[in-house]
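Subject: Structure handover

Hi,

Here is the structure I promised to pass on.

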Amino acid sequence: MNRRTFFKTTAGVLTAGVAAGTCYGFAEAGGFEVTRPTVSVPNLPASFDGLRIAFITDLHHGPYTGLPFITSVVRATQVLNPDLILLGGDYCLREGKYIRPCLEVLKSLSAPLGVYGVLGNHDYTHGLEETQRELRRAGVEELTNGGVWVRRGNDRVRLAGVDDLWWGKPDAGVAIGDVKAEDAVVLLSHNPDYCETLRDPRVGLVLSGHTHGGQVRVPGMRNPFIPSRYGEKYSHGLVDAPSCRVYVSRGLGATGMPVRYNCPPELTLVTLSAPSTRS
């Protein structure tokens, strides 16, 4: 093989490789997997042991994440038959015209203990008031620096949520309210970075999204695209923050290029367990 033929062949192989990788990235972004972590929560009452929470976050409905995809997420969620459904924010990617159709699909979500959600950074930049209005229309109770008691018989768990870290004013103290030291608390925070400064010992578990797992993960290489001050720490999965545990979902949509690699979209079904079975 002469030099000219060598370079032409090499260029062809590289081009084919890039094209194949790009096609795979688009394909991976078009599906999702169900992850099923079991997480211990301090002070969890016996009646809540085994409680199943469907966690949906970072849908980013827009030009790249269509309604058929969101519909499939909703259907899969209902098939999982969760006790409680939580939404982690960032419902749309672009301007307001995507908000109402997205929440209209999410209106089909239902669970015995209710459907609750918080806001993400994109919800502020792409139509805050409309997002809040459509959440109400969809029957989703917004927990922005607020909380509710979820009850089973005489037992209770505090479900709370905080505002977006980048655009809002998160306040866990207000969200947690009159929780006692012996109560169990599950907190929603779109951005997991908030957990680095959270020092309230009453919070047992935080559910977050935002980082998308980095979207593209090359084995053996550090991901430079994780939108967190703490690098890989809050990319995805179960993390120990300074005073609580955090489960970070990879989310379902994408920002920037609608591509994922080695980082599939995630629909999370979290099972709560008592401290004696700490995961």
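One thing before the details: this is a predicted model, so please read everything below with that in mind.

Let me start with the rings. Phe32 comes out as partly exposed, with a relative accessibility of 27%, whereas Phe69 is at 12% and counts as buried, since the cut-off for buried is under 20%. How many aromatic pairs are there in total? The count is two. One of them joins Phe32 to Phe69 in an edge-to-face arrangement, with 5.9 Å centre to centre and 90 degrees between the planes. That pair ties together distant parts of the chain, as the partners are 37 residues apart. Phe32 is in the loop between helix H1 (3-29) and strand S1 (33-35), while Phe69 belongs to helix H2 (residues 67-80).

Tyr230 and Tyr234 form a pair as well: their ring centres are 6.1 Å apart and the planes stand at 80 degrees, so this one is edge-to-face. Here Tyr230 is partly exposed at 29% relative accessibility, and Tyr234 is buried at 0%.

Next, the charges over rings. Arg152 lies over the face of Phe48, 5.6 Å from the ring centre. Arg158 has its charged end over the ring of Trp149, at 5.3 Å from the centre.

You'll find Trp149 in strand S7 (residues 146-152), and with a relative accessible area of 19% it is classed as buried, because the limit is 20%. What does Trp149 touch, leaving aside its neighbours within four places in sequence? The contacts are Arg156, Val157, Arg158, Asp178, Val179 and Asp183. There is also a C-alpha separation of 9.8 Å between Trp149 and Ile176, which are 27 residues apart along the chain.

Last, a helix pair. Two packed helices are described by the angle between their axes and the distance between the axes. For helix H3 (residues 99-106) and helix H5 (residues 128-137), the axes come within 9 Å and cross at roughly 25 degrees. Angles under 35 degrees count as roughly parallel, so H3 and H5 fall into that class. Their crossing is right-handed. On the H3 side the residues involved are Ile99, Arg100, Leu103 and Glu104, and they meet Glu130, Thr131, Glu134, Leu135 and Arg137 in H5.

That's everything from my side.

Cheers

Notes:
Residues numbered from 1 in each chain as written. Predicted model: local features only at pLDDT ≥ 70, side-chain atom pairs only at ≥ 80, totals over all residues. Heavy atoms only, no water. Phe/Tyr/Trp six-rings, centres within 6.5 Å; stacked < 30°, edge-to-face > 60°. Helix = DSSP H or I, 4+ residues; strand = E, 2+ residues; numbered from the N terminus. Buried < 20%, exposed > 50% of the residue type's maximum accessible area, 1.4 Å probe, protein only. Lys NZ or Arg CZ within 6 Å of the ring centre and 35° of its normal. Axes fitted to C-alpha atoms, helices over the stretch in contact; angles between N-to-C directions. Parallel < 35°, antiparallel > 145°, perpendicular 65-115°, else oblique. Left-handed = near helix turned anticlockwise from the far one by under 90°. Contact = heavy atoms within 4.5 Å.
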